[in-house]
Amino acid sequence: MALAVGIRGLTRSLLRPWVRVPGPARGRTEPAAGGGDGVRCFGSPRVLVEPDPAAGFAVMKMRNPPVNSLSLEFLTELLISLEKLESDKAFHAIILTSDCPGIFSAGLDLMEMCGRDPTHYAEYWKAVQELWLRFYLSHLVVISAINGVNAAGGCLLALSCDYRVLADNPKYAMGLNETLLGIIAPFWFKDTLVNTVGHRTAERALQLGLLFPPAEALQVGMVDKVVPEDQVLSAARSELAQWLAIPGHARQLTKSLMRKPTADRLLKERDADIQNFVRFISRDAIQKALRVYLEKLKQKKT
Ligand SMILES: CCC/C=C/C(=O)SCCNC(=O)CCNC(=O)[C@H](O)C(C)(C)COP(=O)([O-])OP(=O)([O-])OC[C@H]1O[C@@H](n2cnc3c(N)ncnc32)[C@H](O)[C@@H]1OP(=O)([O-])[O-]
């Protein structure tokens with residue numbers, strides 16, 4: 001794989017030992033992949049992996065409560081889990097879902113982008129880029145089983161998958177809502193959305209920061225299927241059968257053919273994109289807007 005920067009060089013100090021989680025699976029809604037007694041779960045503190053090597057896939061559950069915000073540590077653990085599955089020939093696919101009830105992901109962790117220094121912003125942004133590149137270009141089939149609200153960076157992660165199943169709950173809106181925070185979705189967020197829903201829908205959605213409830217998300221093509229909440233994982237598993245029936249090399253090369261030009265745009269401008277982000281996020285007006293937004297989230301509770 002031509003990806004220039006591996007996760008090894010990313011945040012080595014954050015790497016934690018790969019820990020074994022006692023089986024059976026701890027999923028709250030549906031049984032683990034395969035569901036058999038012999039299934040052993042693996043994971044790291046924030047990512048639970050339920051492997052089903054016999055069926056050729058694993059369920060990857062995000063568990064960074066309360067809202068699966070994509071902190072630097074969480075991003076790193078997601079990358080490690082992905083790399084581990086990619087390097088094991090037993091696995092051809094991943095189902096990505098959440099272990100936090102009602103939340104798929106609240107997107108990038110605002111605390112990583114607020115009140116920190118430029119070195120930290122650069123390290124964080126490099127990890128965000130890496131997460132997108134690795135998921136977007138993964139040779140595995142990646143299906144997201146979206147079982148909760150899914151904003152901004154979380155939506156990007158789902159859009160990077162090959163297929164999206166969304167739980168039919170009007171609270172589970174998803175979209176790239178960056179403008180509502182007074183910030184801007186970078187060009188590669190935008191490209192990923194355009195590739196999924198088309199230019200006109202993306203243009204409107206990005207400017208207005210739209211979060212689409214399930215029926216609308218399905219209508220605009222942001223997700224591929226909407227199913228009752230208790231069937232999200234089983235629907236993802238059923239869909240997987242079709243993807244796994246295709247000769248792997250043909251599917252992988254076709255995926256690369258479709259996605260490489262989009263990924264290459266970032267790969268060519270990666271350092272400039274980091275510098276742009278650091279400059280942008282460090283601005284007083286942006287820092288103020290993020291603090292106000294965080295304050296609003298906190299006040300919502302009182
Ligand atoms: C160029 C940059 C591009 C940017 C891309 C992005 O992804 S930008 C991201 C765009 N993302 C968004 O706009 C989504 C913002 N989040 C939400 O809209 C809601 O949290 C929710 C609907 C996801 C869940 O509602 P709910 O009622 O179930 O939960 P709740 O609201 O009570 O939150 C619980 C706790 O989590 C905290 N926290 C929440 N999100 C974040 C975060 N991203 N980060 C950090 N922390 C966050 C929240 O402050 C609270 O903390 P407290 O007070 O306990 O210390």
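These legends go with close-up views of aromatic pairs and pockets in a predicted model.

Local features need pLDDT of at least 70 and side-chain atom pairs 80 or more, while totals for chains, interfaces and linings use all residues. Residues are numbered from 1 along each chain as its sequence is written, and side-chain values use heavy atoms, with hydrogens and water left out.

**View 1. W125 and F277 form a stacked aromatic pair.** Rings of Phe, Tyr and Trp (its six-membered ring) pair if their centres lie within 6.5 Å; planes under 30 degrees apart are stacked, over 60 edge-to-face, and the rest tilted. The count comes to 7 aromatic pairs. For W125 and F277 the numbers are 3.9 Å centre to centre and 10 degrees between planes. W125 sits in helix α2 (residues 118-136) and F277 in helix α9 (residues 270-282), so the contact ties together parts 152 residues apart in sequence. Helices (H or I, at least four residues) and strands (E, at least two) are DSSP runs, numbered from the N terminus. Both W125 and F277 are buried (under 20% relative accessible area; exposed is over 50%, partly exposed in between; 1.4 Å probe, protein chains only). They also belong to one aromatic cluster with W132, Y136, W188 and F189.

**View 2. Y163 and W243 meet edge-to-face.** Their ring centres are 6.4 Å apart and the planes make 70 degrees, so that's the class they get. Y163 is in strand β9 (residues 163-167) and W243 in helix α7 (residues 232-244), 80 residues away. Y163 has 11% relative accessibility, so it counts as buried; W243, at 23%, is partly exposed.

**View 3. The largest pocket holds about 1200 Å³.** A pocket is an open set of points on a 1 Å grid over the protein atoms alone where a 1.4 Å probe fits, with protein on both sides within 12 Å along at least five of seven lines; lining residues have an atom within 4 Å of a point. Volume is the space filled by probe spheres set on the points, which are joined across faces, edges and corners. Of the 39 lining residues, A106, L108, L110, Y293 and L297 lie nearest the centre. Helix α9 gives the largest share, 5 residues. By class, the lining splits into 27 nonpolar, 6 polar and 6 charged (nonpolar: Ala, Val, Leu, Ile, Met, Phe, Trp, Tyr, Cys, Pro; charged: Asp, Glu, Lys, Arg; polar: the others, Gly among them).

**View 4. The second largest pocket has about 290 Å³ of space.** Its lining has 13 residues, with C161, D162, N195, M258 and R259 nearest the centre. Here α8 gives the most, 4 residues.
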